[in-house]
Amino acid sequence: MKLVAAIFSLFFLLSMPLAASAIALVNRDVILEAQEYGIKRKQLPLTEFLHPWIVYEEQAAILNETTERAYLYTPFLLLANDARDKARSKKTVQLADSEKILADYAGCLVFSITINGSTENFSNGIQATIKQDKKTLKPYHAVINSPVKTPWFPGEPKFTTHTYFYFNNREVQLNKPVTVVLTTKDKKERRFYFDLSNFK
C-alpha cells in the first residue's frame, strides 16, 4: 500500500508545473525537452550553445569576441546547460538533478554579463539595475569576478570581467521587455535590452 501511495505521489509531483521559471512555468515535458536540447548540442562550443540567450550592449558598433554581452539564464537554459555538461562528461542526465536546479533557482531572474575595460580596476563599484516601464529594480545577489587580462592584451580592450546578477522575478513583468543597466565607478553605463517574451 505504501508503495502505491509513493508511486502516486511521485506521479502527481512530476505532472505538476514547477513554479521555478523566470519566464514561464516548467513542467515535466519542458524538463525533458531542455535535457534533450542540451544532450543533442553537447559538441557545440559554449558560446554557440548559449547564443539564443545572448544580447549585446546597446551601443556596440561591432559584434565579435570583444563585444560586451549579457546572457539571460532562463530555467530552460539552466537545465539544458546542465544536461550538456553531463553529456560531455559521459554522466547520466537525471530528472532529479534538473528538479534540484529548478528548486535552487526558484524565483530568480539570472543575468550573466561580460564587460570590458582598459584598467585592471575598471569594474570597481559596479552596480546593476533592471529598468522596466517606470520601475527600477536592484539585484538581491551579485557575483562579481575580478577583471582578467584579455587574450589580445595589450590591445584594447585590455581587461574583461564576468558578473552574475540575481533579481527577484516576482518584481518583474515577465511578458515585457527589461533593460539591464550596469554602471561602473567611472560612471560609464552599459545597457542590455531583453525582450523577455522572446526567450525560451
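This is a predicted model: local features need pLDDT of at least 70, side-chain atom pairs count only at pLDDT 80 or more; totals for chains, interfaces and linings use all residues.
**Entry: strand β10**

For my own record, buried means under 20% relative accessible area, exposed means over 50%, and partly exposed is in between, with a 1.4 Å probe and protein chains only. Helices (H or I, at least four residues) and strands (E, at least two) are DSSP runs, numbered from the N terminus.

Residues are numbered from 1 along each chain as its sequence is written, and side-chain values use heavy atoms, with hydrogens and water left out.

Next I looked up the partner of β10. Strand β9 (residues 177–183) pairs with β10 in the antiparallel sense over seven bridges; two strands pair if DSSP finds at least two bridges between them. Phe194 in β10 is the bridge partner of Val178. Five residues lie between the two strands of this hairpin, and Lys187 takes a positive phi near 70° there.

**Entry: the largest nonpolar core**

Which residues touch the most other members of the largest nonpolar core? I found Phe111, Ile113, Ile130, Val180, Leu182, Phe192 and Phe194, out of 44 residues in that core. Strand β3 (residues 108–117) gives the largest share, six residues. Here a nonpolar core is a set of buried Ala, Val, Leu, Ile, Met, Phe, Trp, Tyr and Cys residues joined through side-chain atoms within 4.5 Å. In soluble globular proteins, nonpolar side chains tend to be buried together.

Leaving aside neighbours within four places in sequence, Ile130 is in contact (heavy atoms within 4.5 Å) with Leu109, Phe111, Lys135, Thr136, Leu137, Phe167, Val172, Val178, Thr179 and Val180.

**Entry: helix α4**

Is helix α4 enclosed or open? I counted twelve of its 14 residues as buried, so α4 is largely enclosed by the rest of the structure. Among the buried ones are Phe76, Leu77, Leu78, Leu79, Asn81, Asp82 and Arg84. Their cover includes α2 (28–40), α3 (46–49), β2 (69–73) and α5 (95–104).

I also checked the length of α4 (residues 75–88): at 1.5 Å a residue, its 14 residues should span 20 Å, and the end C-alpha atoms are 20 Å apart, which agrees. The expected span is 1.5 Å times one less than the number of residues.

Arg41 came up alongside this helix. It sits in the loop between α2 and α3 and is partly exposed, with a relative accessible area of 30%. Arg41 touches Phe49 and Arg84, not counting residues up to four places away in sequence. From Arg41 to Ala83 there are 42 residues in sequence and 9.5 Å in space, C-alpha to C-alpha.

Lys90, in the loop between α4 and α5, has a positive phi of about 60° although it is not a glycine. At 76% relative accessibility, Lys90 counts as exposed.

Asp133 also has a positive phi, about 55°, and is not a glycine. I placed Asp133 in the loop between β4 (127–132) and β5 (135–137); at 58% relative accessibility, it counts as exposed.

The peptide bond from Phe153 to Pro154 is cis, with omega near 10°, and the bond from Glu156 to Pro157 is cis, with omega near -10°.

**Entry: whole-protein tallies**

The secondary structure comes to five helices and ten strands. Of the 200 residues in the protein, 42% are buried. Among contacts with a separation of 6 or more, 67% join residues 24 or more positions apart.
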